[in-house]
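Trainee: I would like a close look at one part of this model, namely its charged side-chain pairs and the strands to which they lead. Could you set this out as one connected account?

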Amino acid sequence: MDNFLKYLSKYLVVKYEGNMDEFCFLFPNRRSMLFFKNYLTEALQKPGWLPEMITMSDFVSRFSGLEKADPLELSFTVYSSYNELVADSESFDEFYSWGEMMVSDFDDIDKYLVNANQIFTNLSNLKEIDTVFDYLSEEQKQYIQKFWRNFNPEKSSKHKDYFLQIWKTLLPVYHHFRNSLKNKGIAYEGMMYRQVAENIMQNEPFAGPWKKIIVVGFNALNKSETIIFKHLRDSRLGEFYWDYDQSYVNEKVSEAGSFLRKNLREFPHSTDFDPGFNGLSRPKNVDIYSLPSGILQAKQVHSLLKDRRNAQLEELNDTAVILGDETLLPAVLTSLPEELKFLNITMGLPFRLTQIYSFIDGVLRMQQNFNRRRSNKKFYFRDILSVLNHQYLITIYGKETQALITEIHRENKIYIDPDSFENDKILKSIIQKVESPAEMLHYLKNLLESLLEQIAVGNIELKLEKEYIYLLKTRLVKISNLFADQAPVASLDSFIRIFRKILSSYNIPFTGEPLKGVQLMGILESRLLDFKNIILLSMNEGVMPAGSQSLSYIPANLRYAFELPGKEEKDAIYAYYFYRLMQRAEKVSILYNSSAEGLKSGEPSRYIYQLEYLTNHHLKFHTPSFKILEKDNLGISISKTPEVLALMNKFRNPEATKYLSPSALTTYMDCSLRFYFSYIAGIKEEDEVTEDIDAAGFGSLFHKTMEHIYEEKNNTLLQKDDFKALMQDKNIEFQLNKAFRSEFLKTGNPDAEVKPEGRNIIIFELIRKLVRKTLETDRELCPFTYIKSEEIIDLSSPEIPDIGFVKLGGKIDRVDNREGKLHIIDYKTGKVDLDFDSVEQIFDSNNWGSKHFKGIFQTMFYSWLYSEKYPDLSSLYPGIYLTNSLFSENFRIYPKNKSLAAYPADFLSYKEFFQDHLIKLIAEIYNPEIDYSQTEDEDRCKYCPYLDICHRKGPEDNG
């Protein structure tokens, strides 16, 4: 059996002997019109003029004398009407969504020929209903009474009063809006429908040049269409052909046939016309797939299409993929088989899913945040990085963009002056100040032109994106013209909000070869088209049929009373679309998302249940399984090959600047693989902008501030009186600001503004208190000689068997001399345990357990370095200033070695013992028989920068 349109074309050619050049064919959509034109050309089999073919929307536009307005222009015009009639009206961006809802309601009112004066009347006096609506049925009047009964004075509330306030504005806005459009010669669709229908009702019917108008394949008719079709019927000008199936038309309770039953009574077609109206009575094979995500649905489409032979894949003209959820379009496109030669996309792609939208959205956010921080006059780094990291700039500019990103990270630029990019060819057109809607329009236009120019110049694979940019540029011109004429937006912030809404609601139309290959379409585009193979995606309740009724100012009771379409009508339309698609199909695959998350229920569509329980079709349910094989964690280890050992030689060159530091050695004891990544392979963490001062930044700021405070006191005997100047608030503030510039702002500019914000204000104050408390502690220890801050010592180790000499070094926080005892002081802002059992415990990380001995090891290592550089020392005491116990009554400086009787213990008394263990540690690091391998204690991996390489769990995984 031929499909509906092909059968109709053959039928009419025979009926009218091919003489249809003076006919007009009226279709519900353009896609079906294109297919019919092709079938009719084949059926005619002789040269001649084709009849005119037109959609219903174009038909009413032609005979109303009005042009269909752009949706954006409708929004501007309805706001203009509202603004003129309502005192203290909202801004345009606040009104935009309201305006769309108003236009939608006005469209319904006009298409269904409702008297706007009556529907928008305030009928709180219920006695008026019988008088005003004497033409309505008693049931309709009861619905109106039921609605307005809620608004008697006794039941008044803030929400009801607010509704009535809005309700009173709708009628004047409706009339003013229509008049404004009419004066411009434009209209919304319902306004054109009403104009043509009312002309007919006033005995002024349209006068077309045709002998006959063939009406093809409509379903749900509004009242205006019914008036137009009745005129065609009564004047014997019209002929009607409907596409349906007996199963749902003959079944009176079937919602799929609710409109067709009425249409067939009012506008019957020829009795001998029968393109197979019983297709659903023949059992069909229906495969139903339950899949836990939209992406997996797209992948399943690939499998279903690949089931066809490659020769069939090249053509595949008999297959349609129907997307219930338009957002799956990109995923489906990337999942189609490569062998697919032809593809036609009938549905539009939501603009918000494109790369150009995400880029423009990032640019708008950057400008919006700059505008809100007007006093700062700088851009926020996250906004800048969002733009710089976008695929467009990375693809177009490559290395230059990456260099700028690295610079921002390296220099920790949180707020960025737009003038700093004045001479940069990449960012000059992007990062610039915009202060008004007019400037923003000009800025966006230049930005799009710059992108197009760069894409044209470079050999870049952004062809499709280039088309999107062209479309956006065209849209921008339209917006610019409307803003120039009406200027409804005063502030830049409002403009950005409305521009985002406009872009979010825009769909990109696709063009392709409509008659070849797989047809990829939405359910609305499938009207009148028949395919042997149907693949339906997102067949979930709430998607097919769509869940909620469209937003409206007109409540459900009033919609019912005035015979405006509601949820029941919408459900009936979707039911017809679904069953009409199935009636001539031979193979049907239905996919639905089984995952219940967010607003998605995971519930199969009602149509799946109907097929299962109310039909004789052969249903086969599939739940594709996806095996996830968990890989055994075999551990990672790096052998000390000659190449690796060669890399390690950088620590053996006495002339080199590289040395093994105490941090490197404790890293090795913690995890030798981490040591390899960081110190041998040189795999470093990427620089990142630190907006908040983290733990490492906190320690650096404290250390640097203490260094600055004491930097002019080297080799100075300090008395208590000396601390008066050191402890002045101004001095601490000055030195802390100086440290903040170098450590946080990464600048040597002494005039750079220091202005901590948010959490940093608290941290700043905490560091200030710790610095003061440290100075107070030092004052109590006076007199003492402050010898030096931040002294760097690097020297060669004792000779190690089979290895030779290895360079060791580090930076000592502080050296002082109290009561003839020399102290090596290390500032620690993290956790440190000051009591330990023995030196062996310090070197054996397997025995650390929950103890924190890294700090003790580092202090002893600094003591060893100092004693090696200055071998004539008589005593040397390691000490730790532990900031988290500075305010404690039990605060102490010296670590306690439980294996020694003396406390505090002179390091020189156990230096040789420490040195022996140190040599063993270095020998192990260089031992070619011992690999660099992962630690077995995964708790140590929580904050390791190499987590992803090692496949270990981070802190967020340990729920």
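This is a predicted model: local features need pLDDT of at least 70, side-chain atom pairs count only at pLDDT 80 or more; totals for chains, interfaces and linings use all residues.

Mentor: Glu711 is partly exposed, its relative accessible area being 32%. The side chain of Glu711 forms a salt bridge with that of Lys738, at 3.1 Å from N to O. This pair links distant parts of the chain, 27 residues apart: Glu711 is in the loop between α30 (695–710) and β19, and Lys738 is in helix α32 (residues 729–743). Lys738 likewise counts as partly exposed, with a relative accessibility of 31%.

Strand β19 (residues 716–718) runs antiparallel to strand β20 (residues 784–796), and three bridges join them. Within this pairing, Leu717 faces Thr785 of β20. On β20 there is also an antiparallel pairing with strand β21 (residues 807–818), which extends over 10 bridges; here Lys788 stands opposite Val815 of β21. Such pairing of strands, parallel or antiparallel, is made through backbone hydrogen bonds.

A second salt bridge, between Arg768 and Glu765, also has an N to O distance of 3.1 Å. Arg768 and Glu765 are three residues apart in helix α33 (residues 759–780), so about one helical turn separates them. Glu765 is partly exposed, at 34% relative accessibility.

Elsewhere, Glu73 and Lys478 form a salt bridge whose closest N and O atoms are 3.4 Å apart. Because Glu73 belongs to helix α4 (residues 71–85) and Lys478 to helix α22 (residues 463–486), the pair ties together parts 405 residues apart in sequence. Glu73 is buried, as its relative accessible area of 16% falls under the 20% limit. Lys478, at 27%, is partly exposed. Salt bridges also join into a network, which links Lys68, Asp107, Lys111 and Glu189. The count of salt bridges in the model comes to 52.

A further sheet remains to be described. Four strands, in the order β2-β1-β5-β6, make up an open sheet with parallel pairing. From one strand to the next the twist averages 20 degrees. Parallel strands β1 (residues 23–27) and β5 (residues 212–216) are joined by four bridges, with Leu26 partnered by Val215 in β5. β1 also pairs with β2 in the parallel sense over four bridges, and the β-α-β crossover from β1 through helix α2 (residues 30–44) to β2 is right-handed.

Notes
Residues are numbered from 1 along each chain as its sequence is written. Side-chain values use heavy atoms; hydrogens and water are left out. Two strands pair if DSSP finds at least two bridges between them. Helices (H or I, at least four residues) and strands (E, at least two) are DSSP runs, numbered from the N terminus. Axes are lines fitted to C-alpha atoms, for helices over the stretch in contact, and angles run from 0 to 180 degrees between N-to-C directions. A crossover is right-handed if, with the strands pointing away from the viewer, the path from the first strand over the helix to the second runs clockwise. A salt bridge is a side-chain nitrogen of Lys or Arg within 4 Å of a carboxyl oxygen of Asp or Glu. Buried means under 20% relative accessible area, exposed over 50%, partly exposed in between (1.4 Å probe, protein chains only).
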